[in-house]
Amino acid sequence: MRQVVIVGAGPAGLAAAEHALLAGARVTVLDQADAPGGQYHRMLPGTFAARRPDRVQHGWREFDRRRRVLDHPRCRWWPGSTVWALDRPENRVHVLRGQPDGGGRRRLTLDPDALILATGAHDRTLPFPGWELPGVYTAGAAQALAKGERVAIGRRVLVAGAGPFLLPVAESLLGVGAEVVAVLEANPFATVLKGWSARPWLLATQPGKAGELARYAATLARHRVPYRSGRAVIEARGADRVREVVTAKVRADWSVVPGTERTYEVDAVCVGHGFVPQPELAVAAGCVLDGGFVRVDGDQRTTVDGVFAAGEITGIGGAVTSAAEGAVAGCVAAGGIPGRALIRARDRALTFAERLATAHPIGLAWRGWLGEDTIVCRCEETTYGELTRAVRDPACPGSHALKLGTRAGLGPCQGRICGTTVSELRGGAERHHRPIAQPIRLGELAEPKETSA
């Protein structure tokens with residue numbers, strides 16, 4: 001009986017576990033969080049004793065698969081587990097179990113027959129003057145607090161960026177009592193319309209999306225929240241925290257139209273310009289990346305034998321696409337042969353992901369928002385001016401020298417927030433293998449006792 005280890009318990013990971021179990025494998029599901037679901041299916045804490053948790057949960061009916069999956073006799077569910085290293089070529093998985101901010105975490109190893117990486121993605125936020133001020137949040141963080149803790153990030157909030165994710169974020173904020181002053185999509189209406197209207201018959205494969213859009217539109221209309229396309233946040237102002245934000249009309253390439261600036265008084269702003277994958281473990285395993293995403297074949301196999309990938313690390317496409325990829329990966333990793341229905345569902349979902357990227361692209365002229373003193377790396381307070389001068393300096397060839405010269409990407413987040421931005425500013429993306437993929441204490445690293453699980 002094949003042993004399958006799945007890293008990540010979001011839509012992709014849960015679907016992978018379900019279909020690996022159906023194919024007869026023994027499954028171990030790992031996640032850093034205490035509850036399954038990932039960002040999309042984020043649950044309220046059990047102490048809330050919510051009578052209707054489905055009201056704040058997207059895709060509740062699909063999420064209910066967690067019961068039959070995680071309670072299955074051939075499934076081990078390991079919450080609070082951090083995969084901090086992978087050994088090549090045997091794909092041994094090194095795990096720390098326990099609260100990241102607590103002591104006494106256990107070091108364990110797993111030796112699976114197949115490894116499925118479903119580590120997801122996090123918000124991409126482009127820098128702008130003042131984005132380091134308290135009160136400026138990523139869209140994902142704002143939604144996580146609203147969905148997972150029923151906490152609003154502020155009383156008057158502006159939601160801005162690019163992509164349809166802005167709509168559920170605004171809905172979540174309204175649901176916890178915040179006043180959303182506006183929702184701003186940076187891409188002009190013509191760009192969005194062209195992306196979604198091309199080959200409209202393909203939208204029939206995702207009928208639930210139209211219902212979601214109608215619900216979000218009705219919610220914004222009921223609360224009289226204006227939705228504006230072709231506008232972006234270009235500056236946040238305030239002394240101790242954000243007090244106002246400056247927005248402006250932007251062209252299709254996201255260059256600012258002079259004279260269109262408008263100021264909003266707010267006490268919080270959340271911005272999100274899509275998502276970037278979290279491929280650290282895939283890189284540690286030796287997987288090849290394409291454009292920052294893990295390269296997979298039609299069976300979700302990576303370029304490394306025995307390693308599969310599914311979900312946002314292979315391409316940003318939302319929960320439906322992630323689950324469809326996870327289903328194929330779980331079946332194949334367990335030694336099964338995916339049926340035509342699984343493959344068809346995955347391929348249809350991938351067309352939606354392509355449409356999403358076309359309708360909500362990142363304009364190349366966003367760096368025109370930046371000033372010389374705009375901070376790009378918040379951990380190390382590296383400015384745009386320092387980075388551009390270092391890029392032009394022949395003494396700093398390559399990303400490694402750039403990091404050493406400016407310290408961009410060497411702070412606590414290890415480039416997870418600024419890495420994509422810094423790579424674009426220097427004209428190319430590079431990923432380096434880190435033997436330690438997640439933070440680990442020196443005492444834990446020095447502890448010789450490691451238990452095989």
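This is a predicted model: local features need pLDDT of at least 70, side-chain atom pairs count only at pLDDT 80 or more; totals for chains, interfaces and linings use all residues.
The protein chain contains 14 helices and 23 strands. Of its 453 residues, 49% count as buried. The protein chain exposes about 20,600 Å², and carbon and sulfur atoms supply 53% of this area. Among the contacts with a separation of 6 or more, 66% are made by residues 24 or more positions apart.

Strand β13, which covers residues 231-237, pairs with strand β14, residues 244-249, in the antiparallel sense over six bridges. Within this pairing, Ala232 stands opposite Ala248 of β14. The hairpin formed by β13 and β14 has six residues between the strands, and in this hairpin Gly238 takes a positive phi near 155 degrees. Strand β14 also pairs with strand β15, residues 262-265, again in the antiparallel sense, here over four bridges. Thr247 has Arg262 in β15 as its bridge partner.

Leu158 is found in strand β10, which spans residues 156-162. The relative accessible area of Leu158 is 0%, so this residue counts as buried, the limit being under 20%. Leaving out residues up to four places away in sequence, Leu158 touches Val181, Ala182, Leu184, Val233, Val245, Thr247, Tyr264, Val266, Ala268, Val269 and Cys270. One of these, Ala182, is 24 residues from Leu158 in sequence, and their C-alpha atoms are 5.5 Å apart in space. Another residue in the list, Thr247, is the bridge partner of Arg262 described above.

A further group of strands forms an open sheet. Four strands make up this sheet in the order β4-β5-β6-β23, and their pairing is mixed. Strands β4 and β23 (451-452) are the edge strands, each pairing on one side only. Strand β6, residues 106-110, pairs with β23 in the parallel sense over two bridges.

The loop between β4 and β5 holds two backbone features. Most residues other than glycine have a negative phi, and most peptide bonds are trans. The peptide bond from Arg88 to Pro89, however, is cis, with omega near -5 degrees. Pro89 lies in the loop between β4 (81-87) and β5 (92-97). Asn91 has its place in the loop between β4 and β5 as well. Although Asn91 is not a glycine, it has a positive phi of about 60 degrees. Asn91 is also buried, because its relative accessible area of 8% is under 20%.

Arg150 likewise has a positive phi of about 60 degrees and is not a glycine. Arg150 is placed in the loop between α4 (139-149) and β10. With a relative accessible area of 34%, Arg150 falls between the limits of 20% and 50% and therefore counts as partly exposed.

Two packed helices are described by the angle between their axes and the distance between the axes. The axes of helix α9, residues 318-333, and helix α10, residues 340-359, come within 8 Å and cross at roughly 145 degrees. The crossing of α9 and α10 is left-handed. On the α9 side, the contact is made by Val320, Thr321, Ala324, Glu325, Ala327, Val328 and Cys331. On the α10 side, Leu342, Ile343, Ala345, Arg346, Ala349, Leu350 and Ala353 take part. The residues of this contact divide into 11 nonpolar, one polar and two charged.

Gly363 is found in the loop between α10 and β21 (375-377). At 5% relative accessibility, Gly363 is under the 20% limit and so counts as buried. Apart from its neighbours within four places in sequence, Gly363 is in contact with Ala252, Asp253 and Trp254. The C-alpha atoms of Gly363 and Trp254 are separated by 4.9 Å, while the two residues are 109 residues apart along the chain.

Note on methods. Residues are numbered from 1 along each chain as its sequence is written. Side-chain values use heavy atoms; hydrogens and water are left out. Two strands pair if DSSP finds at least two bridges between them. Axes are lines fitted to C-alpha atoms, for helices over the stretch in contact, and angles run from 0 to 180 degrees between N-to-C directions. A crossing is left-handed if the near helix is turned anticlockwise from the far one by less than a right angle, and right-handed if clockwise. Contact means heavy atoms within 4.5 Å. Ala, Val, Leu, Ile, Met, Phe, Trp, Tyr, Cys and Pro count as nonpolar, Asp, Glu, Lys and Arg as charged, and the others, Gly among them, as polar. Buried means under 20% relative accessible area, exposed over 50%, partly exposed in between (1.4 Å probe, protein chains only). Accessible areas come from the Shrake-Rupley method with a 1.4 Å probe; for residues, only the protein chains shown count as cover.
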